[in-house]
Amino acid sequence: MWGTRPRHSGLGILLLGVTAALLMAWLRLSHVLFGIVAGFTAASLAVFAITRNGWRQTSPQSLTSRGIFPDSGQAFGGMDPGLRREIGPIIPAAVTRRTSGARTRRPAPSPAWRPEGAAAATARATAAATARATRGGQTRRRNETLQPDATITLSGERLAAGIDGLFASLDSELIGLVPVKKKVEEIGSLLLVDRARQRFGLSASRPNLHMCFTGAPGTGKTTVALMMADLLHRLGYLEKGHLVHAMRDDLVGEYIGHTAPKTKQVLGRAMGGVLFIDEAYTLYRAEDSKDYGQECLDILMQVMENERDKLVVILAGYKDRMDHFFECNPGMSSRIAHHLDFAEYEVGELLAIGGLMLDRSSYYLSAEAVAAFRDHLALRMKEPRFANARSVRNELESARLRHAYRLAADPERHWSKDDLMRLEPPDILPARDR
Ligand SMILES: Nc1ncnc2c1ncn2[C@@H]1O[C@H](COP(=O)(O)OP(=O)(O)OP(=O)(O)O)[C@@H](O)[C@H]1O
Ligand SMILES: [Mg+2]
């Protein structure tokens with residue numbers, strides 16, 4: 001504000017002087033000469049005005065006030081990229097070097113004119129840009145072929161793929177299933193080593209990943225299939241990593257021309273993920289030569305071969321029935337690379353599974369209730385429709401119901417937090433078993 005006043009008064013004095021000189025010339029000179037002097041003066045004034053405006057626009061104060069910092073090299077950095085390319089070669093090397101690192105070193109503008117929240121936004125944008133650059137850099141670095149004398153660690157590869165957490169939950173969230181967990185670790189290791197080999201430029205065909213999960217109901221097949229889909233996605237073998245669950249009715253039609261569209265629709269939904277076919281042995285009916293299941297199997301086998309880099313098929317079912325299915329369908333058998341057998345749980349494992357389920361919903365069994373539940377499970381296991389961990393879950397759901405009913409039956413009594421969490425033998429055992 002103070003700087004503009006002297007500048008304006010100087011301009012006024014100059015204009016006054018010029019006007020006075022022109023008046024004198026009008027009185028003293030002939031018309032021709034006056035015309036020449038007036039024209040010359042007007043031209044001089046115009047040149048002065050243009051030069052002065054241009055100087056003001058590029059003065060250090062003006063640049064700084066518009067957010068351009070000549071010292072930091074921003075004057076070049078903020079330049080139109082095309083123009084920068086044009087004049088790049090003539091910018092001295094020292095200036096160019098300064099420009100490239102200028103943005104981070106530029107002092108922050110005064111908070112007085114900064115809008116509210118801009119600091120946070122700038123910080124976020126900078127953090128995002130840095131993260132993007134880091135991620136981009138890591139991807140670039142990972143995509144670069146390593147030198148033959150370079151080394152990698154498989155723990156580093158696991159970390160980069162983000163599968164440590166997945167293996168940890170496989171271990172902590174699933175009781176028992178030791179051979180299954182080992183097999184999943186083996187498949188994970190195979191893919192990890194495959195990825196590491198690719199980083200050295202070692203070519204190999206994509207491993208066959210179609211699988212068969214055999215076991216009785218409720219032994220964890222679907223749960224492990226979901227984890228497998230996630231694992232294959234994280235390791236880059238599946239684009240989406242989702243799981244589509246299908247049974248015979250979803251795949252096989254009831255009349256001519258019905259099966260192919262049905263099967264193809266399910267396959268289309270599963271592309272990029274896992275197609276999990278439960279009770280897969282039902283797709284083949286030896287006794288019925290006209291069954292449309294064979295048409296479905298033919299399409300499946302073709303897609304499993306041709307689209308193996310886009311889709312993983314997991315067939316599931318009872319072990320004896322799946323063995324028979326493979327005997328009758330050698331084409332399908334040869335397409336399955338990994339067989340995982342889910343054994344039925346021991347009573348101790350079922351108790352531990354129950355404990356885990358209760359813990360997740362903030363319940364627990366009293367010492368007497370543990371004994372009662374063990375005895376009850378030992379009996380239930382012998383029943384034909386017992387479904388392992390699923391039956392445990394159902395039993396505990398019923399126990400919760402009975403616990404709630406027991407508490408509600410005494411509405412005036414004061415129940416503590418522990419009372420609301422603890423299940424007792426009467427909650428575990430149905431009335432007829434007590
Ligand atoms: N080992 C285990 N540890 C903890 N929970 C388990 C275990 N196995 C199964 N479960 C739980 O039991 C329930 C049933 O498991 P899941 O559906 O995976 O079994 P399934 O073998 O697919 O059964 P089905 O053949 O009847 O489809 C799920 O809630 C699952 O989390
Ligand atoms: Mg299942």
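The model is a predicted one.

The protein chain as a whole contains 22 helices and seven strands. It has 434 residues, of which 20% count as buried. Taking contacts in the chain between residues at least 6 apart in sequence, 74% join residues at least 24 apart.

The largest nonpolar core holds 49 residues, and the members that touch the most others are Phe213, Ala225, Val274, Val313 and Ile314. Helix α12 gives this core its largest share, six residues. Ala225 illustrates the packing: leaving aside residues up to four places away in sequence, it touches Phe213, Leu243, Val274, Phe276 and Ile314. Another core lies apart from this one; it has 14 residues, including Leu365, Ala399, Leu423 and Ile428.

The 14 residues of α12 should span 20 Å at 1.5 Å a residue, and the end C-alpha atoms are 20 Å apart, so the two values agree. Buried in α12 are Lys221, Val224, Ala225, Met228, Ala229, Asp230, Leu231 and Leu232. Just after this helix, Gly236 takes a positive phi of about 85 degrees.

Helix α15, residues 293–306, also has 14 residues. From its first C-alpha to its last it reaches 20 Å, close to the 20 Å expected at 1.5 Å a residue. Its buried residues are Glu295, Cys296, Leu297, Leu300, Val303 and Met304. Among the elements that cover them are the helices α13 (248–251), α14 (259–270) and α17 (330–335), together with strand β4 (312–317).

The ligand site comes next. Ligand 1 is surrounded by 19 residues, the closest being Pro217, Gly220, Lys221, Thr222 and Ala389. Three helices, α12 (221–234), α18 (347–360) and α20 (388–408), each supply at least two residues of the shell. By type, the shell consists of eight nonpolar, seven polar and four charged residues.

Most residues other than glycine have a negative phi. Glu279 has a positive phi, near 50 degrees, and lies in the loop between β3 (274–277) and α15. Since 16 C-beta neighbours lie inside 10 Å of it, Glu279 counts as partly exposed. Ser362 likewise has a positive phi, near 55 degrees, and is found in the loop between α18 and β6 (364–365). Is Ser362 buried or exposed? With 9 C-beta neighbours inside 10 Å, Ser362 counts as exposed.

Key. Residues numbered from 1 in each chain as written. Chains lettered and ligands numbered in written order. Predicted model: local features only at pLDDT ≥ 70, side-chain atom pairs only at ≥ 80, totals over all residues. Near = placed C-beta within 6 Å. Helix = DSSP H or I, 4+ residues; strand = E, 2+ residues; numbered from the N terminus. Nonpolar A, V, L, I, M, F, W, Y, C, P; charged D, E, K, R; others polar. Expected span 1.5 Å × (residues − 1). Buried ≥ 20, exposed ≤ 12 C-beta atoms within 10 Å, placed from the backbone. Contact = placed C-beta atoms within 7 Å. Core = buried A, V, L, I, M, F, W, Y, C linked by C-beta atoms within 7 Å.
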